[in-house]
Amino acid sequence: MNQKLQIDFGGRPFSIETGKVAKQANGSVMVQYGETVVLVTAVTSEKKREGLDFIPLTVNYLEMTYAAGRIPGGFFKREGRPSDRETLISRFIDRPLRPLFPKGFQNEIQIIATVLSADQDNDPSILGMIGASSALSISDIPFGGPIAGAKVGRIDGEFVLNPTHEEAELSDIDLFVAGSEDAIIMVEGSAKEVKEEEILEAILFGHQSLKPVIDLQKQMKSALEIHPREFELQKLDASVQERVHTIAQEKLRETFIITEKGKRREKLEAALQSTLQELGAEEESSQKMAKIAFEETYRQLVRKFIVDKKQRIDGRGLSEIRSISCEVSVLPRTHGSALFTRGETQVLAVVTFGTSEDEQKINSLTGETYKSFMLHYNFPPFCTGEVSPLRSPSRREIGHGALAERAILPVLPSSEQFPYTIRIVSEVLESNGSSSMATVCGSTLSLMDAGVPIKAPVAGIAMGLILENGQTAVLSDILGDEDHFGDMDFKVAGTAQGVTAIQMDIKVRGLSKEIMRKVLDQAREGRFHILNKMSETISEPRKDLSRHAPRIVSLQVKTEKIRDVIGPGGKNIRAIVEQTGVKVDVEDSGVVKLASPNYEAIEKAIYMIKRLTQEVEVGAIYNGKVVRILGFGAIVELFPGTDGLIHISQLAEGHVKEVTDVLKEGDEVPVKVIDIDPQGRIRLSRKAALREMKQGEQAK
């Protein structure tokens, strides 16, 4: 049954259509916003994957270049591996959907969102999120939706729903909010040091705007009379759970108030083996069921302990931050480095400077763009004491790096103030909770160590939440186990002035305004504590760059002089590089950037460029070189690319019979510019230059 419904969404037409294409999928919709169109499909497997302790959901967001009327670059001329943007959008479509599937569902689910048309104004990621919810809602897949997503900006103090690219440039807030009819499920975005209360207002504004889109999905589902298919959910045997709980609870309580992750894990493993032995679980299937019951018992006990005792499993209070240590200049040959340790989470952040040639070129639906700041996050298996193959960056690594990059970006200096390409690499050396926020802290320290004039230091903290039997516990600086067993992972980064980045994922149906306010307030207190600890090591950027860092100096030349700097076939620019060793980058705007660790070499290159680009002034005296003798005068090169004529009458006082009586080719000769005609021809006088120079000496 073909059905299309349309509403006004943020001042533009928005529609959802189903029954027209991709009808063999369990659910499919075409979502259109302006002239941006995204096809989203939802398919589930017939057979389930036994023994999973997670929802087997895969989300793929694909941007087809034809959507923007472009042909892919590269040799193969077709779309290849997902870009970072596609990976990030796939992640944030996935995250709000995942908690809405029934626990124990083991059939594989695949969501594919394909951008078919892109109008450059309306962000297709919004359509991907809404389309995924719509496709699931009208399918026979069990799903606790619908949900919707929207972007929120703020321009001149006014919130803007789904800002265009031009509006986003003017905005001091860039948030993506996802939610159900009555609760907020996910938040992700950045801000320019915005106060927590204003961030909360933006989130609530975004959530309120989602309701018409959710109603639209409900209307479509109601009209189609969907009948969900029966699926067998994995359920834990109640008797097994009860027996395990009885045997294991005291053993598990002995693992509480242990500060070291390794020792806690040893105790847990010993408790598990003892429980299995008492149960008499020898067969693989019975052991598997017992382990699931053991994990559930641990989860229940941890949550109850936290809400009842107001104490954490490592002994901390709810708002207490783990011990922090900071160190800078830990690597001798890098441009900047820092080691940030918080509890059992440790990050080594390293800064490298480059020129504009090192900028990252990005091909996207909006065209080619360049990034002069990159933050890359690496999570090797040894950081959690595990063995795993090393592969290309995972979705998680790309996502955590992007979050930390957004947190740092608002405090970086402008390219005019600091004309470097900056790359930060975060190496996670140990991990027990919140390595992405440790990356923010380590990156800030390394930037200050490198001498980058950032506007203010940035710190980050991960907040957790336990909702149990009507009680609420908000946790600051969560451990890995608290993230695993808790109901929320809420990351907040910012300066002393306000928030620069935020990311929230929850496992429950949603959060109230009151809880979110408490989380943000507690996060601010924790952030201030961390910033104070960081300032004890380094409180402001160093005044000088590392001696190993390139020095970059910018010159502005007239655009019509660019060709003089480059020279025919690049002759001039090659000569500068060969003679000085300086890296030269010439931009279309006339900005010339010179990079070298040797400042004397840069000064020499500056002199050479100024000679290439300087303009002749009438009345000025130059020291030129005779390049050609004529019967009636001589051609003198004032500087590369600029020649003038000395007429024989201007060679000397009195009568000169032959030019060669005074000059020969190769002579260095002082000349004065006496005229430039409308055709640009330059008339010179050696006689006038000598006279003026003599008068100057007499005046002394």
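Some ground rules. Residues are numbered from 1 along each chain as its sequence is written, and side-chain values use heavy atoms, with hydrogens and water left out. Because the model is predicted, local features need pLDDT of at least 70 and side-chain atom pairs count only at pLDDT 80 or more, while totals for chains, interfaces and linings use all residues.

Helices (H or I, at least four residues) and strands (E, at least two) are DSSP runs, numbered from the N terminus. Two strands pair if DSSP finds at least two bridges between them.

Start with the open sheet. Six strands lie in the order E1-E2-E3-E4-E6-E5, and the pairing is mixed. Which strands stand at the edges? They are E1 (3-9) and E5 (57-63); each has a single partner strand, so one side of each has no neighbour in the sheet. From one strand to the next the twist averages 15°; angles run from 0 to 180 degrees between N-to-C directions, with axes as lines fitted to C-alpha atoms, for helices over the stretch in contact. E1 pairs with E2 (residues 12-18) in the antiparallel sense, over seven bridges.

H2 lies across E1, E2, E3 (27-33), E4 (36-48), E5 and E6 (107-117), and runs at about 40° to E4. Contact here means heavy atoms within 4.5 Å. Gly-128 lies in H2, which covers residues 124-137. Is Gly-128 buried or exposed? Gly-128 is buried, because its relative accessible area is 0%; the cut-offs are under 20% for buried, over 50% for exposed and partly exposed in between, with a 1.4 Å probe and protein chains only. Apart from neighbours within four places in sequence, Gly-128 is in contact with Val-38, Val-40, Ile-93 and Ala-113. Thr-41 is 87 residues from Gly-128 in sequence, and 10.0 Å from it in space, C-alpha to C-alpha.

E14 (residues 360-364) and E15 (residues 367-371) run antiparallel and are joined by five bridges. Ser-364 has Gly-367 of E15 as its bridge partner.

Then the barrel. Five strands close in the order E25-E26-E27-E29-E28, with mixed pairing. The twist there averages 50° from one strand to the next. E28 (residues 668-676) and E29 (residues 682-685) are antiparallel, over four bridges. In the loop between E27 (642-647) and E28 sits His-655, which counts as exposed because its relative accessibility is 74%.

Last, the cavity. The structure holds one cavity of 30 Å³ or more. A cavity is a set of points, on a 1 Å grid over the protein atoms alone, where a 1.4 Å probe fits but cannot get out; lining residues have an atom within 4 Å of a point. Its lining includes Thr-355, Ile-552 and Lys-583. Strands E23 (583-586) and E24 (591-596) each supply at least two lining residues.

Methods: 1 Å grid on protein atoms, 1.4 Å probe; cavity = no way out; pocket = protein on both sides within 12 Å on 5 of 7 lines; lining within 4 Å. Points joined across faces, edges and corners; volume = space filled by probe spheres on them.
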